Amino acid sequence: MTMRANYTGVGKDTIVMYVDMNSYFASCEQQRHPHLRGKPVGVVAYDSPNAAVIAASGEAKKFGIKTGMRLTDCRLLCPHIIAVPTHPTWYRQVHVDVIAILRSYCDDVVVKSIDEAAANFTSYRLVYKDIPEVARQIKADIRRKYDYLTCSIGIAPNSFLAKLGTELQKPDGLIVITPENIDSYLATLQLTDLPGIADRSERRLQLIGIRSPLQMRHSSPALLRKAFGGVVGEYWYRRLNFGEVDLYSTDSTKMMSATRSLSRPQRENRQAMESMLIALATRLEQRMVKANVFCKYVSFYIRNHDHTNWDTAIKLADPVQDAMELCSYIRQHVTAFEQSRGIPTLFTQQVRSMGVTVGSFVDGKVLQYSLFDNRLKKDLLRKTMYNIKDKYGKNTVRKGSELFIPDIMKDAIGFGSVKDMLVEGGVIKNKYLLEEDE
Ligand SMILES: [Mg+2]
């Protein structure tokens, strides 16, 4: 399986509907516990004054409470805020029902996160005469199932502008952005109101004289390339001018790669090459932990002495961060190819270099409380390990896959498979498992 092209090149007649559930986790709590409705609610991962609020209800937001604030700080702004622990299984169940409603109208639905999805209605333009009416029906269907849940819906010729539409009216919004009205919407916005433009990009744009989204849309691809230092700038031009960049993938400009050339002794030893694959994946795992992201895409290539290549691209069903897990996906593809061609191994003496790339990142903040809570424990553990490394030095802790010696590699345990390690509130209870094994 290969990932779909990042820039699909769809034209101005495309119709994308973006659905963003309002104050999702907090509303889900209010849905299930009616006594919380109409009240300022802060959803927390664990019960402690130091806990950060990971979602605030609409009522709490009115007091200035934002995602990421500590409960103690929230109480200064809103003394009667009600802290509620997360219930990921419940949020996931609601998510599945909301997506099913969307899919009952359109079979091309791309889930963007636990509370966001984009639906490509382009091939339905003859089926539905009135797409905003479909949006209203979707809202009504959701309300019929969960009477307290609302969503903001944006409709536009591409997924970026459709998402922007959801930002313009909250809660329960419905905004249609067209080539005719886009400028009047953009005129009301600051650069940092655009999803994906943070302070740093804002500064870079200002340096070349672009101070507003409207100016940004009417500049040139070349100028935006200059501001963003490359193709990313061109993507921004397309987003604001009805090109499609984001529908089927997350930002492909955000990829991480690790590559290595092989020395002669390495290429004569298959085991050493396998170990190198693990080393490359481990390097990417470290970078993903640091950035707090998980990947839904991984590719692997082998470059041979005679300039032939072998590569594979894999779209992952679940977001992955663990190096051993990445390697097992790659190995499955390598083995399948070897067997289909009757080749004993791709790791021959011909191999000169190899590389692993990961992308289609999912934010760990979203992930940990969303679809994949069964991973929560081990991902927290991995993060904790890297934090200890940062604090006390690289060699304090070490996982099996960081050892490159082939004989040891065979017995190495991926960190993710240390299941019975106890972690509570980020504190490791069973410390000896992390001790240096040299
Ligand atoms: Mg939302």
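**Notebook: helices and sheets**

I began with a count, and the protein has 17 helices and 14 strands (DSSP runs numbered from the N terminus, with H or I over at least four residues for helices and E over at least two for strands). I am working from a predicted model, where local features need pLDDT of at least 70, side-chain atom pairs count only at pLDDT 80 or more, and totals for chains, interfaces and linings use all residues. Residues are numbered from 1 along each chain as its sequence is written.

**Entry 1: overall**

I looked up burial next: of the 438 residues, 34% count as buried (20 or more other C-beta atoms within 10 Å of the residue's own, C-beta atoms being placed from the backbone).

**Entry 2: the five-stranded sheet**

I traced an open sheet in the order β5-β6-β1-β7-β8, and its pairing is mixed (two strands pair if DSSP finds at least two bridges between them). β5 (109-113) and β8 (174-176) are the edges with a single partner strand each, so one side of each has no neighbour in the sheet. I then checked β7 (residues 151-156), which pairs with β8 in the parallel sense over three bridges. Ile155 has Val176 in β8 as its bridge partner. On this sheet I also found helix α6 (residues 159-168), which touches β1, β6, β7 and β8 (contact meaning C-beta atoms, placed from the backbone, within 7 Å). The direction of α6 makes about 140° with that of β7 (angles run from 0 to 180 degrees between N-to-C directions, and axes are lines fitted to C-alpha atoms, for helices over the stretch in contact). Helix α4 (residues 88-103) lies across β1 (16-21), β5 and β6 (116-120), at about 150° to β5.

**Entry 3: the four-stranded sheet**

I followed another open sheet, β9-β12-β10-β11, with antiparallel pairing. Its edge strands are β9 (256-261) and β11 (309-320), each pairing on one side only. β10 (residues 293-304) and β11 share eight bridges in the antiparallel sense, and I noted Tyr301 opposite Asp311 in β11. Helix α14 (residues 323-341) packs on the sheet against β10 and β11, its direction making about 135° with that of β11. I saw helix α13 (residues 270-291) lying across β9, β10 and β12 (351-363), at about 25° to β12.

**Entry 4: a helix pair**

Last, I looked at α10 (residues 221-228) and α11 (residues 231-240), whose axes come within 6 Å and cross at roughly 130°. That angle makes α10 oblique to α11 (under 35 degrees is roughly parallel, over 145 roughly antiparallel, 65 to 115 roughly perpendicular, and the rest oblique). Among the residues making the contact are Leu224 and Phe228 of α10 and Val232 and Trp236 of α11.

How values were computed: Contact = placed C-beta atoms within 7 Å. Buried ≥ 20, exposed ≤ 12 C-beta atoms within 10 Å, placed from the backbone.
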